[in-house]
Amino acid sequence: MKKLAHEEVIEQIQEQIRAGAWKPGERLPTMQELASLYGLSLTAVREALRLLESRSVVSIEHGRGIFVRNDPSLLEDPMAPIKGMETRSLLELLEARLAIEPELAAYCAMRASAAQAKSIREWSDLMEAKMERGEDHFQTDVRYHQEIAEGAGNPLLAQMLSVVADLSAQGRRETDKLPYMREKAACYHRLIAIAIREREAEQARTLMKSHIQDMINAIHAKGSGL
């Protein structure tokens, strides 16, 4: 499966840190310089650094720069053993999401800042607008779920979701083609965002569970010819 641009940046940065090009406590090049170095977009670099900071690999200090954290063990990826499971079925991946995402939604409703809750609603609105215009909304969908994971305040669960999301990238495009799934997804996203903003943890959990279970049910129905 082809890697997303920000994943390539993450790998390159981590490899250079492992090789000693940037030592703990040292400042990395600017985002613009990294984008030029890797030949990728500034957006990809910004997303990569955001994820590396959430994993405590780097520290972004506004006005000062980007610094390598002091604990080299943080470069070890605890999710590495499952990253090779690219042949996992879509149902297995959805079941993994079903085990993780409802709890992330509930934690997000309890822990997200007002700014994070507002951002989640904005990503929901943007995805819906892109759907209405017939534009590709895949990255917006992924970012919506990432924002919820970050708002949950549990980096380990967020990283688990990131791995599952990467593995199921093509599958997400396939579920999008199921009958009425796009319209349903837009409604679920909006309702989950509202539940999070209103601090309704149980409601957010239930809606996220229904959202993912709905996709699983649609795949079973398709497989049985219903």
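Trainee: Contact means heavy atoms within 4.5 Å, so what is Ala21 in contact with, leaving aside its neighbours within four places in sequence?
Mentor: Keeping in mind that this is a predicted model, Ala21 is in contact with Gln16 and Glu26 once its neighbours within four places in sequence are left aside. Ala21 is found in the loop between H1 and H2.

Trainee: Is Ala21 buried, exposed or partly exposed?
Mentor: Ala21 counts as partly exposed, because its relative accessibility is 45% and that class lies between the 20% and 50% cut-offs.

Trainee: Which residues of H3 are buried?
Mentor: The buried residues of H3 include Ala44, Val45, Leu49, Leu51 and Leu52, and Glu47 and Arg50 are also among them. These buried residues pack against helices H1, H2 and H6 as well as strands S1 and S2. As for its geometry, H3 covers residues 42-54 and reaches 18 Å from its first C-alpha to its last, close to the 18 Å expected at 1.5 Å a residue. The helix is followed by Ser56, whose phi is positive, near 65 degrees.

Trainee: How do S1 and S2 run relative to each other, parallel or antiparallel?
Mentor: They run antiparallel and are joined by 4 bridges, with Val58 having Val68 in S2 as its bridge partner. The two strands form a hairpin with 3 residues between them, and Gly63 in that turn has a positive phi of about 90 degrees.

Trainee: Switching to the core, which residues have the most contacts inside the largest one?
Mentor: The largest nonpolar core has 34 residues, and those with the most contacts inside it are Leu104, Cys108, Ile120, Ile148, Ile192 and Ile196. At least two residues of this core come from each of H4, H5, H6, H7, H9 and H10. There is also a second, separate core of 19 residues, which includes Ala44, Leu51, Leu52 and Val58. In soluble globular proteins, nonpolar side chains tend to be buried together.

Trainee: What about the cysteines: where do Cys108 and Cys187 stand on accessibility?
Mentor: Cys108 counts as buried because its relative accessibility is 0%, whereas Cys187, at 36%, counts as partly exposed. Apart from neighbours within four places in sequence, Cys108 is in contact with Ile120, Ile148, Gly151, Ala152, Ile196 and Arg199.

Trainee: How many disulfides turn up in the whole structure?
Mentor: A search of the whole structure finds 0.

Trainee: Last one: is Glu101 buried or exposed?
Mentor: Glu101, which lies in helix H4, is buried, since its relative accessible area is 2% and the cut-off for buried is under 20%. Leaving aside its neighbours within four places in sequence, Glu101 is in contact with His145, Leu161, Met208 and Ile212.

Definitions and conventions. Residues numbered from 1 in each chain as written. Predicted model: local features only at pLDDT ≥ 70, side-chain atom pairs only at ≥ 80, totals over all residues. Heavy atoms only, no water. Expected span 1.5 Å × (residues − 1). Buried < 20%, exposed > 50% of the residue type's maximum accessible area, 1.4 Å probe, protein only. Contact = heavy atoms within 4.5 Å. Pairing = 2+ DSSP bridges. Core = buried A, V, L, I, M, F, W, Y, C linked by side-chain atoms within 4.5 Å. Disulfide = S-S within 2.5 Å.
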